[in-house]
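This report describes a protein together with its ligand, and then turns to several loops. Please examine the sequence and the structure shown here before reading on.

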Amino acid sequence: MNIQNQLQATVEALVQQGKGILAMDESSPTIAKRFKPIGVESTEENRRSYRSMLLATPGLGEFVSGVILFEETLGQKADDGTPLPALTAQQGIVPGIKVDKGKLALANAPGDEITEGLDGLALRLESYKQQGARFAKWRDVYHISATTPSRLAIEANAEVLARYASICQTLGIVPIVEPEVLIDGDHSIGRCAEVTEAVLHEVFHALHRYHVILEHMLLKPNMVIPGKTHAQKASPEEVAEQTIRVLRRTVPAAVPSINFLSGGLTPEEATANLNAMNCLAPQPWDLSFSYGRALQQPALQAWKGNAGNAASTQAALYLRAKLNGAARHGSYSVTMEPAQE
Ligand code: 13P
């Protein structure tokens, strides 16, 4: 298959009715943060056994079309010796890989950050592809404060995302472009809308400059929501209305799918918000999920580091995937949630 056909086939495998993406690509410091509350040490063996258990969830492929893996996971094996990318593919799920190298302070822009990882990216992508990865993810972050994000941060991060995406496409890897406006802060939903619009506008401007083929990428944005410590919460309907307005202003119709990150929303909030968006009039793109915490949190709680809890861990992941699959059609309702203990 030539490169264009490879990209098209991967997009078609990822963008399917009732399905979305599971992000399980936490970096080493982040997975340690997720394991800590359940009293699990982040050793290579614990990470392998947790992640291989998630990937082996019976029926996961009914609602999950793609999984984003961390570099370490790409080289790990299940208990029976199956390489984890092969186990993913056996489930009918496309394996992908996080390729950015994390973020650091952006010089001359106090409070802003920039994501690293472009040096040597093409070479790394070649080897990830040989290990089975067909798509990639790169995350940029934007902090909202009185002075951030600065114009410099918005422009510099857009440039880096576009360079990453263009390199991926040259090698037949579908890029997920993830500009995340963070939830931290006490800002209003209006301020989040304003920043998200400015960020997405600049990102698509840069993607155009770098000749990125919009039909062969996915966008992974934040939803438009009030800051975590803002006095008022927003209803799913308000989040949906504000998010769709910003996306319609900034994201070309050629982009096949928008797969949201959950960004610190609870699993229930993330599902309800996605559902509300899919209840609005049809949009030019699919609206789906690419959740990390909102899919994994109940599974982590069920697992607690005990292999004996595998069945309940997998059931918890399966349920969240199923409910988000329903939210893809706008047919989710809170009554589908399990009764609270
Ligand atoms: P969350 O859904 O937990 O925000 O994770 C998604 C992700 O991949 C962040 O890069």
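## The ligand and its surroundings

A residue is called near a molecule or strand if one of its heavy atoms lies within 4 Å of it. Around the ligand there are 13 residues, of which K137, K220, S262, G263 and R293 come nearest. The shell around the ligand consists of three nonpolar, four polar and six charged residues. In this classification, Ala, Val, Leu, Ile, Met, Phe, Trp, Tyr, Cys and Pro count as nonpolar, Asp, Glu, Lys and Arg as charged, and the others, Gly among them, as polar.

The model is predicted: local features need pLDDT of at least 70, side-chain atom pairs count only at pLDDT 80 or more, and totals for chains, interfaces and linings use all residues. Residues are numbered from 1 along each chain as its sequence is written, and side-chain values use heavy atoms, with hydrogens and water left out.

## Polar contacts and the pocket

A polar contact is a pair of N or O atoms within 3.5 Å; within protein, one must be able to donate a hydrogen and the other to accept it, and residues adjacent in sequence count only if both atoms are side-chain atoms. Which distance separates a polar side-chain atom of K137 from an oxygen atom of the ligand? The distance is 2.5 Å for K137. An N or O atom in the side chain of S262 is likewise 2.5 Å from a ligand oxygen atom, and for a polar side-chain atom of E178 the value is 3.0 Å. On its own the ligand has 300 Å² of accessible area, and the protein covers 91% of this area. Accessible areas come from the Shrake-Rupley method with a 1.4 Å probe; for residues, only the protein chains shown count as cover.

The ligand takes up the space of the largest pocket. On a 1 Å grid over the protein atoms alone, a pocket is an open set of points with protein on both sides within 12 Å along at least five of seven lines, whereas a cavity is a set of points where a 1.4 Å probe fits but cannot get out; lining residues have an atom within 4 Å of a point. A molecule sits in either one if more than half of its atoms lie within 2 Å of its grid points. The strands β6 (135-142) and β10 (286-291) each supply at least two residues of the shell around the ligand. Helices (H or I, at least four residues) and strands (E, at least two) are DSSP runs, numbered from the N terminus.

## Backbone features in loops

A cis peptide bond, with omega about -5°, joins T148 and P149. P149 is placed in the loop between β6 and α7 (151-170).

H211 is a residue other than glycine with a positive phi, near 60°. The loop between α8 (189-209) and β8 (218-219) contains H211. K304, which is not a glycine, also has a positive phi, of about 55°, and K304 lies in the loop between α11 (293-303) and α12 (310-327).

## Exposure of loop residues

Buried means under 20% relative accessible area, exposed over 50%, and partly exposed in between (1.4 Å probe, protein chains only). H211 counts as exposed because its relative accessibility is 68%. In the loop between α8 and β8 one also finds I213, which is partly exposed because its relative accessible area is 27%.

Is F63 buried or exposed? F63, in the loop between α3 and β2, counts as buried because its relative accessibility is 15%. A56 lies in the loop between α3 (44-55) and β2 (64-69) and is partly exposed, at 34%. K233, in the loop between β8 and α9 (236-250), counts as exposed at 70% relative accessibility. From C-alpha to C-alpha, K233 and S188 are 9.4 Å apart in space and 45 residues apart in sequence.
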